[in-house]
Amino acid sequence: MENTENTKANAARTPEAEDRKAGTVSLGKLFLAMFKTGAVTFGGGYAMLPILDREVVEKRGWITKEEVMDYYAVAQALPGIISINVASFIGHRLRKVPGAVMGTLGVISPCIIIITLIAMLFTNFQDNVYVAHALQGINIAVAALIVNTIITMWKKGVKEIPQFLIFLLVFCLSLFVTNQQLPIYCVLGSLAFALIYKRIERRVRK
Amino acid sequence: MIYLQLFWEFFKVGLFTVGGGMAAVPLLLSMAESTHWFTQDFVVQMIAISESTPGPIGINMATYAGYTVGGIPGGILASVATAIPGVIIVVLVSRALQKFSQSVTVKDAFWGLRPAVTALIAYAAYTIINKTMIHFTKIGTLSFWEVFQWQKVLFFAVMLFGIMKFKKHPVVYIAIAAVVGILFKF
C-alpha cells in the first residue's frame, strides 16, 4: 500500500503533471500515451484499464483513477467500441475535440499497424504452437492485471451496502443471463436505482 | 467508390456496436452476406486473430477486413470509420458531463454506476479465468485436475502477488507471462 502512495507522489512531480495543471497537455504526448496503451492491450475493452491507469493516472497524473472509472461507466452505455470511447473521453477532458481525435488515433494506430502486418505476412499465425502457448500465458497475466484493477475499483466504488447489492446483482445477472445487450441494461438499471435511492435517502435524512 | 462503401459499412459497425467488440460480430456476418467482401468463415477466423493481437477487437476486425478488400488504404479507412461514431458521441456527452460534473444528480449517478462497472469487469475476469485456468462451466464433465489447472492457477497467484507488490508496468507482466507460457507449454 505504501508503494501506491509513493507512485502517486512521484506522479505528481513529473513535468506531465505540471502540464495538466496548466491545461496544456501536448497533443503529441497524448497521442504517444494512448499509442503505448493501445500497443500492449491484448483483448480490448476491460483489458485496457490496468494499462491506461498506469499511463495516464500513475505515470503522468493527467486525470484521477475515479475519472477513468467514470468514463468506463459511461462508455459502457454509449454506442461505439469501449476502448475508443474511453480514449475519446480522456482526450476530450485534456484537450477538447482535438484531444478526443488524437487520443482515439493513438489507441487505434498500433492495431492498424499490427493487423496490417499480420494480414500481409501470416495467414494462420494463431495456429503456430509457440504463439498459442505464449497467448495462453498472456491470458493469465491479463486475468491477474484485471483482478488487481477490480480490487482497486472495489475499494473506491463499493463502500455502502446498497452499492454492494448493485455489484452482486450485476455480477449474478452477467453470470446467468446470456444477452448481448445485458451490460447496457445493467448500466441503465443501476443508474435509475442510484437516482431514486439517493433522492429517497436525502428525503429521509431531512 | 469501393472506399466510400467501405467507409459507410464500417461506420455503421462503429455506431451499432454497443457493449463490447463481440457485438460487432453479427453485423460483420450480415456484411459478409450483403457485400461478398469476405465469407462468414472469414469472420470467425478474424475473431481468433483479434483475440490474439493487441487493441480493441472491433478495430482489429475493421483493419483486417478493410485490408483484404482495399489494401493498406482500405485497412486504415475501415478502422477510422469504425472509430468515428464513438468519437462524435463521446465529445457530445463529455461536454454535457463537464458542464454538470458538480451537480448532485451526476454524483448520484456515478455512485450507482461504479459498483455496476466493477461487477461487469469482475465478470470479464471470470470469463478469462474460466477460459484459461479453472473451467467452471465444465465441472461434472471433466476430472477435477482437468477443471482446476493448478499450474496455471499457481502462476496466476504469483502474477497477482507480483503486480500488487512491485507495481511494474503491465507490459512487464505480459512479457514474463508469454515466456512462461512457451517454456511450460500452457
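Q: Before we get to the helices, what are axes and angles here?
A: Axes are lines fitted to C-alpha atoms, for helices over the stretch in contact, and angles run from 0 to 180 degrees between N-to-C directions. Keep in mind that this is a predicted model.

Q: OK, so at what angle do helix 9 of chain A and helix 5 of chain B pack?
A: At about 140 degrees, and their axes are 8 Å apart. Helix 5 of chain B covers residues 104–132.

Q: What do you call helix 9 of chain A relative to helix 5 of chain B, then?
A: Oblique, because of that angle.

Q: Is the crossing of helix 9 of chain A past helix 5 of chain B left-handed or right-handed?
A: Right-handed.

Q: Which residues make that contact between helix 9 of chain A and helix 5 of chain B?
A: From helix 9 of chain A, they include A:Pro183, A:Val187, A:Leu191 and A:Lys198. Helix 5 of chain B brings residues including B:Asp108, B:Trp111, B:Gly112 and B:Leu120. By class, this contact of helix 9 of chain A with helix 5 of chain B has 12 nonpolar, three polar and two charged residues.

Q: Let's zoom out. How many residues does the contact take from chain A and chain B?
A: There are 89 from chain A and 82 from chain B.

Q: Which helix of chain A gives the most to the side that touches chain B?
A: Helix 7 of chain A, with 23 residues. Sorted by class, the side of chain A that touches chain B holds 57 nonpolar, 28 polar and four charged residues.

Q: New topic: how do helix 7 and helix 8 of chain B cross?
A: At roughly 160 degrees, with axes that come within 11 Å. Helix 7 of chain B is residues 150–166, and helix 8 of chain B is residues 170–183. The two are therefore roughly antiparallel to each other, and their crossing is right-handed.

Q: Which residues make the contact there?
A: B:Phe155, B:Met159, B:Gly162 and B:Ile163 come from helix 7 of chain B, while B:Tyr173, B:Ala177 and B:Val180 come from helix 8 of chain B. That contact has six nonpolar residues, one polar and no charged.

Definitions and conventions. Residues are numbered from 1 along each chain as its sequence is written. Chains are lettered from A and ligands numbered from 1 in the order in which they are written. This is a predicted model: local features need pLDDT of at least 70, side-chain atom pairs count only at pLDDT 80 or more; totals for chains, interfaces and linings use all residues. Two residues are in contact if their C-beta atoms, placed from the backbone, lie within 7 Å. Helices (H or I, at least four residues) and strands (E, at least two) are DSSP runs, numbered from the N terminus. Ala, Val, Leu, Ile, Met, Phe, Trp, Tyr, Cys and Pro count as nonpolar, Asp, Glu, Lys and Arg as charged, and the others, Gly among them, as polar. Angles under 35 degrees count as roughly parallel, over 145 as roughly antiparallel, 65 to 115 as roughly perpendicular and the rest as oblique. A crossing is left-handed if the near helix is turned anticlockwise from the far one by less than a right angle, and right-handed if clockwise.
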